[in-house]
Structure formats: structure tokens, C-alpha cells
Amino acid sequence: MRIVKTPICSFDAKTGILCSKCESKLKTGHLSIGDIEASMKLTELADKNNIIDKFTLVGAHKIDEELILILPTSDISILRSNMELLNYIKKKFNNGVWFIESGATERRFIENLIFPVKIVSINLVWLPDGNKLTKIIISKKKNQNTKIDTALITKIAKEMRNIELLVEYID
Ligand SMILES: [Zn+2]
């Protein structure tokens with residue numbers, strides 16, 4: 001039987017109690033609170049859904065109340081071609097869920113964060129102090145029906161990838 005793969009043991013994910021091995025991984029920072037919460041939640045959903053049951057959760061980050069899940073590109077493609085499933089997962093995560101492809105490049109990571117909004121252009125801007133900004137430009141006109149939370153996206157990019165993101169809009 002195939003069962004959703006998570007960073008913690010599937011038994012722990014099912015019971016909601018960490019074994020001593022996972023507990024020590026948490027203490028040493030090899031597992032995060034996000035990994036644990038996302039593993040348990042996704043396992044609960046997988047119990048009632050055989051598509052989710054085939055997913056592999058590579059890892060997860062918790063930033064504020066948001067859970068950012070890292071999944072293989074193939075799992076993310078399944079989600080994006082199945083709005084019903086995507087909305088179901090979003091609802092179960094109280095709308096605080098994000099999906100990032102594992103191994104994503106910086107650009108891909110940003111595209112994942114703002115999906116389905118598309119980037120018009122992306123540029124690195126070097127500041128006089130040697131730091132760099134990643135500036136993305138988004139078209140207002142093309143994305144009238146999709147609102148993105150710039151502050152939250154900027155925060156996630158900084159905490160997960162140390163990207164100083166600057167979002168600009170054009171008409
Ligand atoms: Zn365990």
C-alpha cells in the first residue's frame with residue numbers, strides 16, 4: 001500500500017505523537033515545527049484521499065500561521081491540474097498553505113510563491129552596500145482577479161531563501 005511520504009515517520013504522522021527518534025531530530029533542528037504540522041495534516045487528508053496518499057512531502061516551513069509545503073514537481077503539477085483537490089487542501093489548511101517545488105531555483109521559487117500570477121520580469125539589483133534585491137514586475141492588468149499578499153510573500157522569500165524581494169506593479 002502506498003502511503004503519503006513525510007519527513008516524520010508515518011506512524012507519528014498518523015498518531016500525532018513523535019517517536020524518540022523524530023523528537024530528537026526536532027531538538028537538533030533536523031526537523032522543524034512546520035515539517036511536523038504539515039506531515040500530520042497531510043497524512044490526515046491522505047487518509048480520505050487516494051491522490052494525496054501518493055504525494056511526497058519533502059519538507060515544510062511554518063512562517064506566522066502559514067505552512068509552506070515542499071513537494072516534488074510532479075505532485076505540484078497534479079495539484080495545479082486539479083482545482084477541486086487544490087481547493088480541498090487549501091480549505092483543510094485554513095487557506096494558509098503554499099506549495100513550492102523541491103529543488104526550485106530562485107526564480108522558480110518566486111514563481112511558485114506568486115502562482116498563478118506571472119512575472120513580467122525579474123532582475124537582480126545590487127545596492128551600494130553590496131546587498132542584492134530581487135525585483136519582480138507583475139502586470140496589474142493581467143492579474144485583476146488575483147490578489148497577492150506582497151508583505152507575506154516578501155517575508156516567506158526572506159525566511160526560506162534569504163531573498164530580499166521587491167514587488168513592483170505595472171499596468
Ligand atoms: Zn518518528
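**Close-up views of the predicted model**

**View 1. Helix 6 (106–114) and helix 7 (150–161) pack at about 145°, their axes 11 Å apart.** Here helices (H or I, at least four residues) and strands (E, at least two) are DSSP runs, numbered from the N terminus. Axes are lines fitted to C-alpha atoms over the stretch in contact, with angles from 0 to 180 degrees between N-to-C directions. What you're looking at is a predicted model: local features need pLDDT of at least 70, side-chain atom pairs count only at pLDDT 80 or more, and totals for chains, interfaces and linings use all residues. Numbering starts from 1 along each chain as its sequence is written. The two helices make a right-handed crossing (the near helix is turned clockwise from the far one by less than a right angle). On the helix 6 side, the contact (C-beta atoms, placed from the backbone, within 7 Å) uses Glu-106, Phe-109, Ile-110, Leu-113 and Ile-114. Helix 7 answers with Ile-153, Ile-156, Ala-157 and Arg-161. Sort these residues by type and you get seven nonpolar, no polar and two charged (Asp, Glu, Lys and Arg are charged; Ala, Val, Leu, Ile, Met, Phe, Trp, Tyr, Cys and Pro nonpolar; the others, Gly among them, polar).

**View 2. The largest nonpolar core has 23 residues.** Such a core joins buried Ala, Val, Leu, Ile, Met, Phe, Trp, Tyr and Cys residues through C-beta atoms within 7 Å (buried means 20 or more other C-beta atoms within 10 Å, exposed 12 or fewer, partly exposed in between). Leu-42, Leu-57, Ala-60, Ile-68 and Leu-69 have the most contacts inside the core. Helix 3 (33–46), strand 2 (66–71), strand 3 (97–101), helix 6 and helix 7 each give two or more residues, with strand 2 giving the most, five. Domain 1 (1–103) and domain 2 (118–171) both contribute, so the core lies between them. Apart from it sits another core, of six residues, including Ala-13, Leu-18, Cys-22 and Ile-36.

**View 3. Leu-42 and its partners.** Leaving out residues up to four places away in sequence, Leu-42 touches Val-4, Thr-6, Ile-52, Phe-55 and Leu-57.

**View 4. Five residues of domain 1 meet five of domain 2.** The domain bounds come from an automatic or database assignment. Taken over C-alpha atoms, the domain centres are 26 Å apart. Strand 1 (59–63) and strand 2 each supply at least two residues of the domain 1 side. That side divides into three nonpolar, one polar and one charged.

**View 5. Lys-118 lies in the loop between helix 6 and strand 4 (119–126).** Lys-118 counts as exposed because it has 12 C-beta neighbours inside 10 Å. From Lys-118 to Leu-57 is 61 residues in sequence and 25 Å in space, C-alpha to C-alpha.

Terms used
Contact = placed C-beta atoms within 7 Å.
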